[in-house]
Amino acid sequence: MNSTMLQYSIQDRYMEAFVRHFIFVLFGVIINSINGVFVFTFFRSSTFYNNPRYILYIHLVFNDMLMVFFTVSLSVIAYAWPKVPLPFCVTLLIITSATHKNTPLTLAGMAVERYTAICKPLHHHQICTVRRTYILISLIWGVSVLPGLTDFIIIVIVHPLSIFTTDTLCTPTNLYTTSYHEELSKAMNGLYSSVVWVILVFTYCQVLVAARRASADKSSAKKAQSTILLHGAQLLLCMFSYITAVIDKISAQLPLNDRKKVIIPNFFVTNLLPRLLTPLIYGVRDKVFYSHIKRLFACKILIVKVRSTKQ
């Protein structure tokens, strides 16, 4: 009787874990499919990929797609593949960490581009070129990879090199266990967030001043103000992922059944939902981008109707 109850208990745990990760994967596929529409629309018209503003936007969308993919993959791997070769795990964690930090830095770059367009309109086309935009994106990736590489260097210093021949559970909390990693994570998150917030506040104030000048294009300036405020809201959404670990620590003190109820909403609200809302709000709000999306779907519907009529 005890063995039968144990068997049912194990089956229930496996079923629950399967359902949880199935929900993660399903939401990940839905979010990346929606964001994929924006990427497809971007490459359909030269209006977008010759404009620094839209290049930065699509980098934001593509980066969020990568983050969703790697975040969900790490969650599934931690359950389905408990012992991962450590070098492979470190590589995944470095990429995931980089995509996590890319988003706020890209938002800062988009805010600076709007500031330049409103406050320095005569020099905008000279400063914000396509070439410089790609250089900026390269710098964003370089800066974002640094914390992950630093974590890797700490592992090399603290542990013997033989650790790289071992297998491990691929989660940051399991791999980055030293006090150096914890302090570095706090410092980096604080530094990145502070720099981005300073840039957003500075650009918003400058655009606000420009909007009050008689010589400024007030409608464009007000639109730029709204855009930078939107970037601030997007940044707040992105910062939800910083509280994931905090909620996990709090939920660890709860009973097992209550803890299970927190896992899925926590992961969805703090990691997956911001990666949908951030690109979606901006893409739908932009009239040019939204018109191209409507035109794209209108063409698809028209083609389907024509084919159905012929049949």
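Biologist: Which residues is Phe289 in contact with, leaving aside its neighbours within four places in sequence?

Modeller: In this predicted model, Phe289 is in contact (heavy atoms within 4.5 Å) with Phe38, Thr41, Phe42, Phe48, Tyr54, Tyr57, Ile58 and Gly283. Local features need pLDDT of at least 70, side-chain atom pairs count only at pLDDT 80 or more, and totals for chains, interfaces and linings use all residues. Residues are numbered from 1 along each chain as its sequence is written, and side-chain values use heavy atoms, with hydrogens and water left out.

Biologist: And which residues touch the most other members of the largest nonpolar core?

Modeller: Phe289 is one of them, together with Phe38, Phe42, Tyr57, Ile58, Val61 and Met110, in a core of 19 residues. A nonpolar core is a set of buried Ala, Val, Leu, Ile, Met, Phe, Trp, Tyr and Cys residues joined through side-chain atoms within 4.5 Å. Buried means under 20% relative accessible area, exposed over 50%, and partly exposed in between, with a 1.4 Å probe and protein chains only.

Biologist: Which helices each supply at least two residues of this core?

Modeller: They are α1 (2-44), α3 (52-80), α4 (86-119) and α12 (287-310). The largest share, eight residues, comes from α3. Helices (H or I, at least four residues) and strands (E, at least two) are DSSP runs, numbered from the N terminus. Apart from this core lies another, of 16 residues, including Phe70, Leu74, Cys89 and Leu175.

Biologist: Let us turn to α4. Where does α4 bend?

Modeller: The bend is at Asn102, by about 30 degrees, and Pro104 follows within four residues. The bend at a residue is the angle between axes fitted to the seven residues ending there and the seven starting there.

Biologist: How many of the 34 residues of α4 are buried?

Modeller: In α4, 28 residues are buried, so the helix is mostly covered.

Biologist: Back to α1. Is Asn35 buried or exposed?

Modeller: Asn35, which lies in helix α1, is buried because its relative accessible area is 0%. Leaving aside neighbours within four places in sequence, Asn35 is in contact with Val61, Met65, Arg275, Leu276 and Pro279.

Biologist: What does Val29 count as?

Modeller: Val29, also placed in helix α1, counts as partly exposed because its relative accessibility is 49%. The C-alpha atoms of Val29 and Met65 are separated by 9.5 Å, although the two are 36 residues apart along the chain.

Biologist: Finally, how many helices and strands does the protein chain have?

Modeller: The chain has 12 helices and two strands, and 41% of its 311 residues count as buried.
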